[in-house]
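Good morning, everyone, and thank you for making time for this.

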Amino acid sequence: MDHLHDIIPELSAEEKQVLATIRNVEGSAYRKEGTTMLLKADGSSVGMLSSGCLEGDLQCRIEDVHAKGPQAVSYDMRGYRELSWGEGTGCNGVIEVLLEPVTKALATSMRRMHAAVNQGKMVLRWTAAAGGGWFVCGEEPDEQAKKLAAQAAGMKRGSGRSSISDGQGEKIYVQTIRPKPRLFIFGSGPDARPLVQMAMRCGYEVTVLDWRPAYLDAVKNEVPEARQIPGFPDEWWRSTAFRNGDMAVVMTHHFERDREALVHLLQEPMAYIGVLGSKTRTKRLLQTEVLPEIITTPIGLSIGAEGPEEIAVSVVGQLIALQNSATANEVMA
């Protein structure tokens with residue numbers, strides 16, 4: 001997943017920083033259009049655009065970008081000649097990167113945009129030679145935004161369609177920014193903790209729900225960034241507002257608690273409900289012979305996983321596959 005959610009809190013006009021975004025890819029590449037990286041003058045960075053092929057050169061451009069303003073740089077990774085960008089990479093593609101100096105105005109705008117995204121809204125950010133901006137999908141935009149929204153409607157995540165024309169030949173780059181995917185894990189036993197860790201490292205916003213203080217304390221010690229909701233099911237629902245696209249894994253290992261969680265989740269707008277265990281057990285939980293389509297059980301990709309760590313890999317892999325195969329909603333009604 002993209003690192004934009006990690007990048008925006010780091011933006012600062014007090015030091016020389018550059019926002020680097022892949023805006024076009026021809027052929028194959030390590031990352032695709034829309035991937036963003038923050039470069040800092042002290043040599044540190046947040047995110048990555050390649051497996052290390054481009055970052056060194058991009059770092060050397062910070063001073064020039066701050067002196068001359070935004071610029072686009074193209075890297076041809078198709079060659080195998082000595083000193084070519086493609087040497088030893090095997091990427092076999094051409095990558096165009098947009099470099100923007102982080103100014104006070106850009107940092108402020110990006111933070112406002114991030115606040116909208118954190119409220120569960122999808123945003124389109126656009127940049128062109130004359131400037132740029134962003135707007136919330138579904139809200140009333142200005143005339144420029146209306147035109148972009150109409151042209152960009154129906155774009156798919158990772159489709160490669162990232163630039164459009166303004167009708168006069170100028171290319172306008174459009175970046176779709178979606179809310180951080182949210183995963184709710186019911187149960188915080190020893191087998192749940194590797195899943196919490198893996199999901200958070202892959203960019204999910206994770207909430208853990210459990211009635212057992214000792215288990216929640218163990219999660220807090222291992223993954224303090226994960227949100228926790230203690231108490232019993234009635235308290236879980238009072239403290240949780242689900243939204244379209246949320247995902248959940250039920251794995252308390254307690255039959256009645258699993259049943260209560262599952263019955264409630266089936267009334268919410270979930271994109272994925274995974275239940276640890278066999279289909280037979282899940283049918284018993286719901287007292288039915290035919291499970292709803294939204295339920296996945298057993299959970300995870302079929303990779304022969306054994307043990308908590310391997311199961312965590314298979315489950316997060318399944319979540320990522322589900323997200324990447326989904327078509328984005330239209331950006332405007």
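I will begin with a pair of helices and then turn to the nonpolar cores.

Please keep in mind throughout that what you see is a predicted model. Let us look at helix H6, which covers residues 193-201, together with helix H11, which covers residues 307-325; their axes come within 8 Å and cross at roughly 40°. Because of that angle, H6 counts as oblique to H11, and the crossing between H6 and H11 is right-handed.

Which residues of H6 and H11 meet? On the H6 side they are Pro 194, Leu 195, Met 198 and Ala 199, and on the H11 side they are Pro 308, Glu 309, Ala 312, Val 313, Val 315 and Val 316. Sorted by class, this contact of H6 with H11 comprises 9 nonpolar residues, no polar ones and 1 charged residue.

Now to the cores. The largest nonpolar core has 22 residues, and those with the most contacts inside it are Leu 183, Ile 185, Leu 195, Tyr 204 and Val 249. At least two residues of this core come from each of strand E10, H6, strand E11, helix H7, strand E13 and H11, with H11 giving the most, namely 4 residues.

If we take Leu 183 and leave aside residues up to four places away in sequence, we find that Leu 183 touches, among others, Ala 199, Tyr 204, Val 206, Met 247, Val 249 and Leu 319. Apart from this core lies another one, of 20 residues, including Leu 209, Leu 262, Ile 273 and Leu 291.

Technical notes: Residues numbered from 1 in each chain as written. Predicted model: local features only at pLDDT ≥ 70, side-chain atom pairs only at ≥ 80, totals over all residues. Heavy atoms only, no water. Axes fitted to C-alpha atoms, helices over the stretch in contact; angles between N-to-C directions. Parallel < 35°, antiparallel > 145°, perpendicular 65-115°, else oblique. Left-handed = near helix turned anticlockwise from the far one by under 90°. Contact = heavy atoms within 4.5 Å. Nonpolar A, V, L, I, M, F, W, Y, C, P; charged D, E, K, R; others polar. Core = buried A, V, L, I, M, F, W, Y, C linked by side-chain atoms within 4.5 Å. Buried < 20%, exposed > 50% of the residue type's maximum accessible area, 1.4 Å probe, protein only.
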